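Hello,

Here is the structure I promised to send over. My notes follow below it.

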Amino acid sequence: MNIQQFYEFCLSKKGVTEHFPFDEDTLVFKVGSKMFCLSNLSDWEKGTPTLNLKCNPEKALELRVAYEAINPGYHMSKIHWNTVSFNSDVSDKMMRELIHDSYNLVFESLTKKIQVEILHLESKA
């Protein structure tokens, strides 16, 4: 997966917006004003891209044992976030699944009102 594919995949999710809240280098994708994916653009340029993704705590631990590329979230809650490295033992398909899971976890944590608003706005588009 290259940066364009990653970018387009994240933006294809309902209600997703992109932000640079920390600095001009850290791209953050949000749904309902809550973060679900972060990536450092300079790491992409260096050829060592990583993503910070939200994860169910039990699953996060399982993934860290199963994959060398999955570690506790860098600069994030180590319980709820994983940092996933590209170009390692996580396939592009698995990377998309992890992004999808992170999005769903955050979307499901939103109030029902916000969920309905996001779904309603998307259906008008």
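Is Cys-55 buried or exposed? Cys-55 is buried, at 8% relative accessible area (buried is under 20%, exposed over 50%, partly exposed in between, with a 1.4 Å probe and protein chains only).

Some ground rules. This is a predicted model, where local features need pLDDT of at least 70, side-chain atom pairs need 80 or more, and totals for chains, interfaces and linings use all residues. Numbering runs from 1 along each chain as its sequence is written, and side-chain values use heavy atoms, without hydrogens or water.

Cysteines: the whole structure has zero disulfides (a disulfide is a pair of cysteine sulfur atoms within 2.5 Å). For Cys-55, the nearest cysteine sulfur is that of Cys-37, 13 Å away. Cys-37 has its closest cysteine sulfur in Cys-10, at 4.3 Å, which is too far for a bond. Cys-37 is buried too, at 0% relative accessibility.

Strands (DSSP E runs of at least two residues, numbered from the N terminus): S4 covers residues 50-54. Four of its five residues are buried, so S4 is largely enclosed by the rest of the structure. S4 runs antiparallel to S3 (residues 34-40), with two bridges. Strands pair if DSSP finds at least two bridges between them. Leu-38 stands opposite Asn-52 in S4. S4 is also antiparallel to S6 (residues 81-85), with five bridges. There, Leu-53 stands opposite Asn-82 in S6.

Best wishes
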